[in-house]
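Work through the exercises below with the sequence and the coordinates open. Each task is followed by a stepwise solution.

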Amino acid sequence: MNDIDRACAAFRTLLTEQQARVAGMTAERVDYTKKATVTIGLVDGDGIGPIIMEQAVRVLEALLADEIARGSIALRRIRGLTIENRLACDQAVPDDVLDEILTCDVLLKGESANVKLRRALDLYANVRPVTIPEQGIDWTFFRENTEGEYALGSRGVELPGMAVDFKVTTDPGTRRIARAAFDYARRNGKTRVTVVTKANILKKTDGKFTALCHEVAADYPEITVDDYYIDIMAANLVNERVRGQFQVLLLPNLYGDIITDEAAQLQGGVGTAGSANIGDRYAMFEAIHGSAPRMIERGMGDYANPQSILRAEVMLLRHIGCAAAAGRLEAAL
Ligand code: IPM
Ligand code: MG
């Protein structure tokens, strides 16, 4: 087989796998309020993960003391998602760790293996709020979390003199993130959802994303929908005259990744922003940032700001119906 034939064979495998994925995407949402016990898995992760997690657990135990005593909420510490263990097992998430994770309902995670866990638990909605009240900024980003460049990121092909990566956008994958964004807007009295892509260049994938978001928007006539390209949106977020008008932003995976760091920086830095990864069965809450290996190398781990994971904890508490506890933590922050 020559190089081109090998690449084509690899591409055929990818297409076949993605077709099966599309067929398997069915939505059945778990209602946590109907469960006798909601189990929160606490996963330390790598780098600064265990440092910020220690504070997050302290706060959670204090806020949920009654529920924990009553048995309606259980906390489960899950160790072993460390770089050392992952290397030893040669797995992004070692099998025994994943098995433990699957016994939980929701996870609070320090830092590690984001992409693998989002995929394994099918956490398709990455929800990232950024608020700067004194500047009139109240944004909620809905980043698609299972598709785009990330789905096939490690599956590109290399030929002599060139390399090719793939991006995939599916109908059900787009519809479910769009629905999550519009449902959120409706529940929270938001009046505008802004779709952000680069559909002028990525005509097939981003073109589909935009078209399907508009299709879903038709079920929400009270909400205005508009589109921007990602480049001008990056500019708009630092344009003080217009940025306060954006409310809910709906984006494919990679653009969502990039622009939420920009937004978090405006709020005070990536150490101040929480992130929710929501699926129909599981949900995982984490800081918006990575494991900060450079901080650890320089011996500065104790300076890691736990605010990001505490903001994620607010979202976790709301997600499992503990609105009062969430409100207390939010007010304290
Ligand atoms: C994030 C992070 C991750 C991502 C990295 C750590 C893989 O940047 O959660 O935004 O790219 O999604
Ligand atoms: Mg990121």
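For the residue classes used below, Ala, Val, Leu, Ile, Met, Phe, Trp, Tyr, Cys and Pro count as nonpolar, Asp, Glu, Lys and Arg as charged, and the others, Gly among them, as polar. This is a predicted model, in which local features need pLDDT of at least 70 and side-chain atom pairs count only at pLDDT 80 or more, while totals for chains, interfaces and linings use all residues. Residues are numbered from 1 along each chain as its sequence is written, chains are lettered from A and ligands numbered from 1 in the order in which they are written, and side-chain values use heavy atoms, with hydrogens and water left out.

**Exercise 1.** Describe the surroundings of ligand 1.

Step 1. List the residues near the ligand (a heavy atom within 4 Å of it). The shell consists of N114, V115, R118, R128, R143, Y150, D257 and I288.

Step 2. Sort them by class. Three are nonpolar, one is polar and four are charged.

Step 3. Assign them to elements; helices (H or I, at least four residues) and strands (E, at least two) are DSSP runs, numbered from the N terminus. Helix 6 (residues 114-120) gives the largest share of the shell, three residues.

Step 4. Look for polar contacts (pairs of N or O atoms within 3.5 Å; within protein, one must be able to donate a hydrogen and the other to accept it, and residues adjacent in sequence count only if both atoms are side-chain atoms). R118 places a polar side-chain atom 2.6 Å from an oxygen atom of ligand 1. For the side chain of R143, the distance from an N or O atom to a ligand oxygen is 2.8 Å. The side chain of D257 also has an N or O atom 2.8 Å from an oxygen of ligand 1.

Step 5. Work out the cover, with accessible areas from the Shrake-Rupley method and a 1.4 Å probe; for residues, only the protein chains shown count as cover. On its own, ligand 1 has 320 Å² of accessible area, and the protein covers 73% of this.

**Exercise 2.** Examine the backbone at A113 and D122.

Step 1. Read the angles. Phi is positive at A113, about 45°, and at D122, about 55°.

Step 2. Locate both residues. A113 is in the loop between strand 3 (106-111) and helix 6, and D122 is in the loop between helix 6 and strand 4 (125-132).

Step 3. Classify the exposure: buried means under 20% relative accessible area, exposed over 50%, and partly exposed in between (1.4 Å probe, protein chains only). A113 is at 11% and so counts as buried; D122 is at 31% and so counts as partly exposed.

**Exercise 3.** How many disulfides are there?

Step 1. Apply the rule that a disulfide is a pair of cysteine sulfur atoms within 2.5 Å. The count is zero.
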